[in-house]
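Keep the structure open while you read.

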Amino acid sequence: MTEKPPPTTKAPPPPLSRGDTNQNPKDIGFLALLREDLRTHGNNPFEQGFWALAVHRFGNWRMGFPKLIRAPLTLLYRFLEKWVEWTCGIHLPYTVKVGRRLHIWHFGCLILHARSIGDDVHLRHATTFGVARTFDNLGIPTIEDRVDIGCGAAILGNITVGHDSVIGANAVVVHDIPPHSIAVGIPAKVVRTLKPAETSAPPATVPESTVSS
Ligand SMILES: CC(C)(COP(=O)(O)OP(=O)(O)OC[C@H]1O[C@@H](n2cnc3c(N)ncnc32)[C@H](O)[C@@H]1OP(=O)(O)O)[C@@H](O)C(=O)NCCC(=O)NCCS
């Protein structure tokens, strides 16, 4: 009789960011970063994804100041964070490390508790990143570079969505997804591995006429 392999145990998740440092991308200044985020959102200052991201960048930028100067900025950040939640339906805490050119398409119902979100990631409405089990506060996902996430997707637990992957609409992802994968369904399964030519980064700047994806 062949012996059953021992179950693979995943290492416990590392601690989460305490939110005591500025986690904005280091290779670009604050104003240039905001300009880039605006370009990523079709140069449309009324895009709610841009507002959410701008407030997130501000929340991090203020952490570069000493406590006394930071205090009024923190008050403003707390207000803006809630205002974005109320008006845009997007919850993106500043403690989530976000790379460059994140594009949040459409309105609302985005709850984005992740360890990090990489460069050139696309998110759509009703995307959830968070814990798989109530009170398992360390168990939140990592989204690598150039991941394209369909509307209604839920990515749950201490898992990693590998770079250059596509997550189908309404998928529930509860296991690691290897890089260059297309994963769909509940629970999400990889249905195809993408060829490198299919996964080249999309243009950072989206022409206004195409802001509909
Ligand atoms: C996954 C997706 C990217 C398609 O990828 P693709 O490689 O072209 O995949 P295909 O269309 O060839 O589908 C592969 C299989 O997955 C299934 N599939 C595709 N999308 C699916 C989804 N979201 N959920 C469940 N199954 C899905 C297909 O039916 C097909 O199954 P089959 O082989 O049994 O027929 C696309 O269907 C999707 O979900 N995009 C999200 C975009 C979005 O959110 N748009 C909203 C804009 S507002």
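Asn170 is partly exposed, with 15 other C-beta atoms within 10 Å. (The cut-offs: 20 or more other C-beta atoms within 10 Å of a residue's own makes it buried, 12 or fewer makes it exposed, and anything in between is partly exposed, with C-beta atoms placed from the backbone.) You'll find Asn170 in the loop between β12 (166–167) and β13 (172–173). Its phi is near 65 degrees, a positive value in a residue other than glycine. Helices and strands here are DSSP runs, H or I of at least four residues for helices and E of at least two for strands, numbered from the N terminus.

Asn43 also has a positive phi without being a glycine, about 55 degrees. That residue sits in the loop between α1 and α2, and counts as partly exposed because it has 15 C-beta neighbours inside 10 Å.

A word on the ground rules: this is a predicted model, where local features need pLDDT of at least 70, side-chain atom pairs count only at pLDDT 80 or more, and totals for chains, interfaces and linings use all residues. Residue numbers start from 1 along each chain as its sequence is written.

## The chain overall

The protein chain comes to three helices and 15 strands. Buried residues make up 35% of its 213 residues. Contacts are counted when two C-beta atoms, placed from the backbone, lie within 7 Å. Of the contacts with a separation of 6 or more, 38% link residues 24 or more positions apart.

## Helix α1

Which residues of α1 are buried? In this helix (residues 30–40), they are Leu33, Asp37 and Thr40. Looking down the axis of α1, the buried residues fall within an arc of 60 degrees, so they line one face of the helix. (That arc is taken over the directions from the helix axis to the C-beta atoms.)

The buried residues of α1 pack against α2 (48–61) and β3. On the face turned away from them are the exposed residues Leu31 and Ala32. Just after α1 comes Gly42, with a positive phi of about 65 degrees.

Ile104 belongs to strand β3 (residues 103–104), and it counts as buried because it has 27 C-beta neighbours inside 10 Å. Leaving aside residues up to four places away in sequence, Ile104 touches Gly49, Ala52, Leu53, Ile90, Leu110 and Leu123. His125 is 21 residues from Ile104 in sequence, and their C-alpha atoms are 7.9 Å apart.

A nonpolar core means a set of buried Ala, Val, Leu, Ile, Met, Phe, Trp, Tyr and Cys residues joined through C-beta atoms within 7 Å. The largest such core has 38 residues, and Ala52, Ile104, Ile167 and Val173 have the most contacts inside it. Two or more residues come from each of α2, α3 (67–88), β4 (110–112), β10 (154–156), β12 and β14. The largest share, five residues, comes from α2.

## The four-stranded sheet

An open sheet is built from four strands in the order β2-β5-β8-β11, with parallel pairing. (Two strands pair if DSSP finds at least two bridges between them.) At the edges stand β2 (97–98) and β11 (160–161), each with a single partner strand, so one side of each is left without a neighbour in the sheet.

Strands β5 (residues 116–117) and β8 (residues 142–143) run parallel and are joined by two bridges. Ile117 has Ile143 in β8 as its bridge partner.

## The hairpin and the ligand

Do β14 and β15 run parallel or antiparallel? They are antiparallel, joined by four bridges, and Val184 stands opposite Lys189 in β15. The two strands form a hairpin with four residues between them, and Gly185 in the turn has a positive phi of about 95 degrees. Pro187 lies in that loop between β14 and β15, and the peptide bond from Ile186 to Pro187 is cis, with omega near -10 degrees.

There are 14 residues around the ligand, and Gly150, Cys151, Gly168, Ala169 and Val184 come nearest. (A residue is near a molecule if its C-beta atom, placed from the backbone, lies within 6 Å of it.) The elements giving two or more residues to this shell are β14 (181–184) and β15 (189–193). By type, the shell divides into six nonpolar, six polar and two charged residues.

Conventions: Nonpolar A, V, L, I, M, F, W, Y, C, P; charged D, E, K, R; others polar.
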